[in-house]
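Student: Could we go through this model together? I would like to begin with the sheet and then turn to the charged pairs.

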Amino acid sequence: MKRIKIKFVDFFSGFDQTNNGIFILLSRFFDFEISDNPDFIFYSVWGNGHLEYSCTKIFITGENIRPNFYLCDYAIGFDFLDKENYLRLPLYVYWKDLNHRRLIFPAFNKVIEDHPKSKFCCFVVSNPKSIKRIDFFKKLSQYQIVDSGGKVENNIGYLVSNKLEFMSPYKFMIAFENSSYPGYVTEKIYECFFTNTIPIYWGSPTLSRDFNSDRIINRVDYNSDEELIEKIKYLDENQEAYLQFISQPVFNNNEPNSYFSEESIESFFNKIFTGPKKTKSKGAKKKLGIALRMIRNFDSKYFRKSFR
């Protein structure tokens, strides 16, 4: 296949056109050229520049936001959708250079050996709007001090620059998502596994479709924060129970979930890159998409179902 001209549009400030998870992942299968005259754009939620392009548009997001198929030709995201032009590709699949194969036993034994535990629990958060996880941080801190290395509730005197390095000696980490929605699973829980840190999770109610629920302390499984904290205390104070807990595989049946399938990823994008190089989002369809976005984004203030 000849070189494919692409561009990333409407991503966060400082986004690198080539040093990003999607570019690195897809470069295993395709030869890309970053171009100001692209045949395909990947666009996200941090602007409206994508509206100015007439080429094929691929929506991608790491946020809890639904695809707007009136504005995009294809989409990848967190939702469980049965559509030919959509691929469920959670953020954790292409997060940095973390190799999911390291989380499969027996390889995972090396991760456990390389991260001995000497501290209780940590918390690294920069978004102050997620009140649920901040409240839980304060509650758990009443049992034992939780070390916070982010901008929110920082109590270690500096901001953590290397999150995985910081997490390494901790038995637990508060890994609450920004919000809860079926399928919305980010890097927060995934990173924990690479330092053998038990994630204390709140977020997607369908988490078991991504990871083994027996390897996670999930808020949804408990009637209250207090009941959840009792579970954490039990594992913290009972070494045998703790060791049994971390001996559980990260993935169901110790096999990577289907979202890591390179065959599925390559097949989906091959269909895109061998298809039309013109967007179907134009005229009345485009205007309808913009109108729907405005309506749904207004509703999201109350229902948290943002629509891009």
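**Sheet and salt bridges**

Tutor: Strand β11 (residues 198-202) and β12 run parallel and are joined by two bridges. Strands here are DSSP runs of E with at least two residues, helices are runs of H or I with at least four residues, and both are numbered from the N terminus. Two strands pair if DSSP finds at least two bridges between them.

Student: Which residue of β12 is the bridge partner of I200?

Tutor: The partner of I200 is I217.

Student: What is the strand order of the open sheet?

Tutor: The order is β9-β8-β10-β11-β12, five strands with parallel pairing. β9 (146-148) and β12 (217-218) each have a single partner strand, so one side of each lacks a neighbour in the sheet.

Student: Before we continue, what kind of model is this?

Tutor: The model is predicted, so local features need pLDDT of at least 70 and side-chain atom pairs count only at pLDDT 80 or more, while totals for chains, interfaces and linings use all residues. Residues are numbered from 1 along each chain as its sequence is written, and side-chain values use heavy atoms, with hydrogens and water left out.

Student: Changing topic, where is N196 found?

Tutor: N196 is in the loop between α5 (187-193) and β11. Its relative accessibility is 2%, so N196 counts as buried; buried means under 20% relative accessible area, exposed over 50% and partly exposed in between, with a 1.4 Å probe and protein chains only. Beyond its neighbours within four places in sequence, N196 is in contact (heavy atoms within 4.5 Å) with residues including F108, K117, R215 and Y242.

Student: How many salt bridges does the structure hold?

Tutor: There are 16 salt bridges, each defined as a side-chain nitrogen of Lys or Arg within 4 Å of a carboxyl oxygen of Asp or Glu. One of them joins the side chains of D36 and K7 at 3.2 Å, N to O. D36 lies in the loop between β2 (32-34) and β3 (40-43), and K7, 29 residues apart from it, in strand β1 (residues 4-9).

Student: Is D36 buried or exposed? And K7, buried or exposed?

Tutor: D36 is exposed at 68% relative accessible area, whereas K7 is buried at 18%.

Student: What about D210 and R88?

Tutor: Their side chains form a salt bridge of 3.0 Å, N to O. D210 is in the loop between β11 and β12 and R88 in strand β7 (residues 86-88), so the pair ties together parts 122 residues apart in sequence. Both D210 and R88 are buried.
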